[in-house]
Amino acid sequence: MKRLGLCASQAGLKLLEPLLQAGELDAIAVPAGLLNAQRPELIRHTDGPKGLLQEHWGELELLVGALAAGALVRLVAPLLQHKLHDPAVLLLAAEGPTLLPLLGGHSQQADTLAEQLAPLLQANVIQSGFSSSQGLPALDSLGEAWGWRRGSGNWDALMHRAARSEPLSLEVGAGQPTLSDWLLASDLPLTRASSSAADLCISSSTGAGCRWHPPVLWLGVGCERGSSLELLRQAVDGALQTAVLAAEAVAGLASIDVKNDEPALLALASERNWPLKFFSADELKAQSVPNPSAVVAAEVGCPSVAEAAALSAAGSGAELRLEKQISRGQPGEGAVTTAIAAAPQPWAPQRGHLHLIGAGPGALNQLTPAAQQALASSSAWVGYGLYLDLLEPLRRADQVRFDGQLTKEKERCQQALELARQGVVVALISSGESGMYGMAGLALEQWLALASQEQPNFSVHPGISAFQMAAARLGAPLMHDLCTISLSDRLTPWELIEQRLKAAAQGDFVVALYNPRSRDRHWQLGRAVELLLEHRPANTPAAICRQLSRSDEALQIHPLAELPLEAVDMFSLVLIGNSTTRFEHGQMVTPRGYPGAELR
């Protein structure tokens, strides 16, 4: 059990239920009177909540308490050990409701967890930590969501100095340049330094100062068949120590494909949680290495394994940080060759996540809780600038936005996917519904084109599409079969669009026209109206819905034959009824059935 809710009453249980239903809690600890044999997720310890917390404290990642603040504090206080090991603790108060991170704000991501869970509870978040309350990135936790690992250093002292606005120096030796530039542009007292004695370092090296380690190092490994796991451990750790490099910066292990069943290599990768990449002899032969070996070439078909595998895994622009070194064990333990290469970009798709988010038609109150939750969990927001502007009130200080141009959808997908492959949690944002004329399809095509080991986690979060918002504003025009058609021929030939329009007209569908008219595409809407009028009355209601749910929203309803084409632009959606749709008392309605049909 890693995520636990705790309550003392029926009211507290009701507050926690949305988190349980959403899978954000594994169980809820309740008083005896609330136990239910039909609900095994409601639990109680024989010694009450105190005994339950004592039993599970070491395995908990999150505790959400829906009870009095004093009671929660008294329950957890005797169990506290160290902020790096204690779970995140959130207080859920009925007023609002409100979420307050009590413990683990940075080290256990309690501040971020509160922001992620708040949409599910329709709750406000009160941040009490210095960085979060001041709207500043937290230097001791910001790298986690970027796929980095925290290294050595006096982090408490660093955070105290930041809180006092004392000058701090930043050294950047690895990682995403965008993030370091963003940090320097923030209100934190940071200045760039080239010295290894900087206060904060983003680097693959060990040394002084507080260090974040992006996953840029690849350990190339060659070994005799049957080499021992202990020898392999010693060889790898010795190589990192010799090169003054951090194990936290390792992206993975690499070797020749004939070693893909080597027990010690597989065991080391498993226990260190390091991905493995294997390359063929021909692929390794293509690498230029400083220490080729004729003996190795005769044995496996290429003159280098460790150096060539490290460089192959690190990719174009790789730098060899440690030339091969050989470790020999006692008789029977085998021999291991290691080398280390640094990649120009981090690589950790297993840590990354690409969220496809439909932002709805524009108003923040039309954003779904699932989309809000995904936005809150993402460190990078990628999207067209206008869409990002609409969501800007939700962006925290530790979230970086990447603005794209309107017609550069492919490039935005590539940028978001590349960030996720580097280990970043990314939100790729579309307006409306991302799976409908949005970015989900293009992003998924690019994701599917990657090798399985290169694919980050991928999730699609639906949003409210413009035709749904239009229907809500107009009354009930979508009560029967409908279709949506985009009039943009930038990606679809007009001949095919016209074929679909004819079919929709003949099928008597309610039709929502997306991308109906622009400065350069001014005639297509008129042609669409002509085709629809061939199969439905001239007085069929047609609505021009512009800037839906935004401050300058405007609705017009006209007979289809009199639709003012010049009033339509790319910020509009045109919704056209079927042959039974009528406009009455300011409402547009399509009956559920046709004349003569019996409703059942």
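**View 1. D261 and R225 form a salt bridge in which the closest N and O atoms are 3.0 Å apart.** This pair links distant parts of the chain, since D261 sits in the loop between β14 (250-256) and α9 (263-272) while R225 sits in the loop between β13 (217-223) and α8 (229-242), 36 residues apart. A salt bridge here is a side-chain nitrogen of Lys or Arg within 4 Å of a carboxyl oxygen of Asp or Glu, and helices (H or I, at least four residues) and strands (E, at least two) are DSSP runs numbered from the N terminus. The model is predicted, so that local features need pLDDT of at least 70 and side-chain atom pairs count only at pLDDT 80 or more, whereas totals for chains, interfaces and linings use all residues. Residues are numbered from 1 along each chain as its sequence is written, and side-chain values use heavy atoms, with hydrogens and water left out. D261 has a relative accessibility of 46% and counts as partly exposed, where buried means under 20% relative accessible area, exposed over 50% and partly exposed in between (1.4 Å probe, protein chains only).

**View 2. The side chains of E271 and R233 meet in a salt bridge, with an N to O distance of 2.7 Å.** Because E271 belongs to helix α9 and R233 to helix α8, the pair ties together parts that are 38 residues apart in sequence. E271 is partly exposed at 40% relative accessibility, and R233 is likewise partly exposed, with a relative accessible area of 23%.

**View 3. K83 and D156 form a salt bridge whose closest N and O atoms lie 2.4 Å apart.** K83 lies in the loop between α3 (69-76) and β5 (88-93) and D156 in helix α6 (residues 155-163), so this contact ties together parts that are 73 residues apart in sequence. Both ends are partly exposed, K83 with a relative accessible area of 42% and D156 with one of 36%.

**View 4. A network of salt bridges links D389, E392, R395, R401 and D403.** For the whole structure, the search finds 33 salt bridges.

**View 5. Helix α19 (residues 524-533) is largely enclosed by the rest of the structure, because seven of its ten residues are buried.** The buried residues are Q524, L525, G526, A528, V529, L531 and L532, and they pack against α18 (494-506), β25 (510-514) and β28 (572-576).

**View 6. The aromatic pairs number six, and the pair of Y437 and Y514 is tilted because the ring planes stand at 45°, with the ring centres 4.8 Å apart.** The two residues join distant parts of the chain, Y437 being in the loop between β21 (425-430) and α16 (440-448) and Y514 in strand β25, 77 residues apart. Rings of Phe, Tyr and Trp (its six-membered ring) pair if their centres lie within 6.5 Å, and planes under 30 degrees apart count as stacked, over 60 as edge-to-face and the rest as tilted. Y437 is partly exposed, with a relative accessible area of 44%, whereas Y514 counts as buried at 11% relative accessibility.

View 7. Among contacts (heavy atoms within 4.5 Å) between residues at least 6 apart in sequence, 65% join residues at least 24 apart.
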